Amino acid sequence: MSRREGSLEDPQADSSVSPLPHLEAKIRQTHSLARLLTKYAEQLLQEYMTVIHGAPAVCQVQHQGDPFGLPGFSPPRLPVAGLSAPAPGHARLPVPEQLQLDAGALAALPPLLEVVRRRQAELNPRALRLLRRLEDAARQARALGAAVEAVLAALGAEPRGPRLEPTSASAAGVFPAKVLGLRVCGLYSEWVSRTEADLSQLVPGGPA
């Protein structure tokens with residue numbers, strides 16, 4: 001096997017060997033998409049927790065209300081069926097394994113974001129920008145996941161197999177539903193940012 005072929009199977013094996021031109025272009029495009037979506041994910045979180053400032057020392061979270069806007073309030077980190085945050089050891093894994101985990105998380109996010117969008121449509125039917133951002137986020141996660149899968153295929157990495165869609169992502173009650181929505185938006189932001197960082201290792205001139 002040539003050195004170039006070896007580099008496609010293990011991108012960390014020899015950083016001095018550049019990927020094939022079509023693979024390099026695919027990596028750059030996917031990395032650029034992930035970087036763009038990182039900004040959109042931050043905007044989604046900000047919109048979900050938009051704060052309106054009133055009288056001195058008084059503020060209100062526009063869409064979610066109290067206690068989200070109260071000083072010192074820290075929402076509980078509810079578990080989300082089918083998805084967790086990136087593990088502490090994620091960055092120490094080989095790049096293909098990192099991308100496999102990224103792709104799996106991105107595949108799980110669209111149905112979760114759709115659950116949040118439907119619940120917010122019931123709780124905040126006039127929050128059109130928030131609802132639109134949630135709908136866009138689901139579509140964007142799906143597009144980024146497909147792009148990461150394409151990079152993995154070009155690298156010759158084995159897929160992790162089909163991922164079951166979450167079946168119990170909804171939360172009973174208004175407050176748990178709002179907390180769950182915040183958690184899902186946070187996970188979307190974490191995984192898109194993680195994907196961008198993982199892909200950056202494959203971009204020529206990026207971190208080793």
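**Helix packing in the predicted model**

In helix α2, the buried residues (under 20% relative accessible area; exposed is over 50% and partly exposed lies in between, with a 1.4 Å probe and protein chains only) are L23, I27, T30, H31, A34, L37, T38, A41, L44, E47 and Y48. An α-helix has 3.6 residues a turn, so residues three or four places apart point the same way. Helix α2 has 28 residues. From first C-alpha to last, α2 reaches 40 Å, close to the 40 Å expected at 1.5 Å a residue (1.5 Å times one less than the number of residues).

The model is predicted; local features need pLDDT of at least 70 and side-chain atom pairs pLDDT 80 or more, while totals for chains, interfaces and linings use all residues. Residues are numbered from 1 along each chain as its sequence is written, and side-chain values use heavy atoms, without hydrogens or water.

The protein contains 5 helices and 2 strands. These are DSSP runs, numbered from the N terminus: helices are H or I of at least four residues, strands E of at least two. Along the sequence the pattern is α-α-β-β-α-α-α. Of the 208 residues, 41% count as buried. Contacts (heavy atoms within 4.5 Å) were also examined by sequence separation. Among those between residues at least 6 apart in sequence, 77% join residues at least 24 apart.

Helix α2 (residues 21-48) packs with helix α4 (residues 128-155). Their axes come within 9 Å and cross at roughly 155°. Axes are lines fitted to C-alpha atoms, for helices over the stretch in contact, and angles run from 0 to 180 degrees between N-to-C directions. The two helices are therefore roughly antiparallel (over 145 degrees; under 35 is roughly parallel, 65 to 115 roughly perpendicular and the rest oblique). The α2 and α4 crossing is left-handed, meaning that the near helix is turned anticlockwise from the far one by less than a right angle. By class, this contact has 19 nonpolar, 3 polar and 4 charged residues. Nonpolar covers Ala, Val, Leu, Ile, Met, Phe, Trp, Tyr, Cys and Pro; charged covers Asp, Glu, Lys and Arg; the others, including Gly, are polar.

Helix α3 (residues 95-123) packs against α5 at about 150°, with the axes 8 Å apart. That makes α3 roughly antiparallel to α5. Their crossing is left-handed. The contact of α3 with α5 has 18 nonpolar, 4 polar and 5 charged residues.

T195 lies in helix α5 (residues 174-200). T195 is buried, with a relative accessible area of 0%. Leaving out residues up to four places away in sequence, T195 touches A34, D102, L106, L144 and V148.
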